[in-house]
Amino acid sequence: MILVTGASGNVGRNIVDELLAAGERVRAIARDPQKCNLPGEVEVVAADLSRPETLQRALRGVERLYLWPAFGELQGAVDAAVRAGVQHVVLLSSEAVTYAAGEPHIACEKAVAESGMSWTFLRPSAFMSNDLLWIPQIAKDGVVHGVYGSASMIPIHERDIAAVAVKSLLSVTSGAIHSITGPQSLSQAERVRMLGEALGIETRFEEVPRERVRAQMLLYLSESVADQVLAVRASMRGVVGEALPTVEIVTGRPPYTYAEWIAHHEAEFRPVLQL
Ligand SMILES: NC(=O)c1ccc[n+]([C@@H]2O[C@H](COP(=O)([O-])OP(=O)(O)OC[C@H]3O[C@@H](n4cnc5c(N)ncnc54)[C@H](OP(=O)(O)O)[C@@H]3O)[C@@H](O)[C@H]2O)c1
């Protein structure tokens, strides 16, 4: 039995679909099973990673676990998995572990690494799905506001992270660390332009003062993390990063491009097209 946490999320939802397609028995947890909208073949158990006592039923008979990184709250879930006899954990981590701002992810990796279970860490770059947050701005007037528009990253399609996760669940290699990127280095401004071209509308990226963006970030990040994230982004201005071959090596197919990601998310962008 494989247990998928974060199953309604960008990555977890794709893991569920791939595991079902491979004929695996899948159990998932959701804090509210009524809302998670998973396929009928999935056994959904109400549980919360931050409340380990709720995990007992979900973990019964589970051999392999895809673990969503509940920041600051994962130790209890890891301990519960050990008690339940889970053998292998595939942890969603982040490339941010190489920056100081990645501290919450480093703590998640540490909890899993010290658990005694065998593990695989997934360290993806920025998710392409982050750009879904631009939809309201694109729908309004096609102008996406932000800071450091020329900052490049090599964003990754959530399906590719899921594909690497599924390979790691089905063919266990203990201690593997998969750093995962998409196929091309793209700045924010380039991605906004590509979205406009694909949607057939005028779009552009517009710089706003760093302090304005920082103030918004402080609504959900600490000062030190916000400053580190902004510093990393600033350091990526005009930098062309190197795409990693991980997705192709692990899955046997190349990672999806940003243009393919846009096409896969047409339904979410449809309200923009109707304007
Ligand atoms: N965005 C990026 O660029 C990026 C890059 C590298 C790594 N990451 C990592 O990826 C994570 C996001 O993954 P994602 O996009 O696949 O997820 P997501 O779309 O943000 O969805 C969150 C998922 O986590 C579940 N969840 C949240 N809190 C939970 C809790 N206390 N107990 C049980 N389940 C809980 C939710 O389940 P229910 O609501 O159904 O319970 C939902 O399925 C980030 O948190 C970050 O750590 C992100």
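Predicted model: local features only at pLDDT ≥ 70, side-chain atom pairs only at ≥ 80, totals over all residues.
Let's start with the ligand and its neighbours. There are 24 residues around the ligand, and the closest ones are Ser8, Asn10, Arg31, Leu49 and Asn130. If you sort that shell by residue type, you get 12 nonpolar, 10 polar and 2 charged residues. As for secondary structure, helix α1, spanning 10–21, gives at least two residues to the shell, and strand β2, spanning 26–30, also gives at least two.

Arginine 31, already listed among the closest residues, places a backbone N or O atom 2.8 Å from an oxygen atom of the ligand. Valine 11 has a backbone N or O atom 2.9 Å from a ligand oxygen. Then there's phenylalanine 127, with a polar backbone atom 2.9 Å from an oxygen atom of the ligand. How much of the ligand does the protein bury? On its own the ligand exposes 930 Å², and the protein buries 78% of that.

Finally, have a look at the cysteines at positions 36 and 108. Are they buried or exposed? Cysteine 36 comes out at 11% relative accessibility, so it counts as buried, since the cut-off is under 20%. Cysteine 108 sits at 2%, so this residue counts as buried by that cut-off as well.

Methods: Residues numbered from 1 in each chain as written. Heavy atoms only, no water. Buried < 20%, exposed > 50% of the residue type's maximum accessible area, 1.4 Å probe, protein only. Near = heavy atom within 4 Å. Polar contact = N/O pair within 3.5 Å; in protein donor to acceptor, adjacent residues only side chain to side chain. Areas by Shrake-Rupley, 256 points an atom, 1.4 Å probe, with all protein chains shown as cover. Helix = DSSP H or I, 4+ residues; strand = E, 2+ residues; numbered from the N terminus. Nonpolar A, V, L, I, M, F, W, Y, C, P; charged D, E, K, R; others polar.
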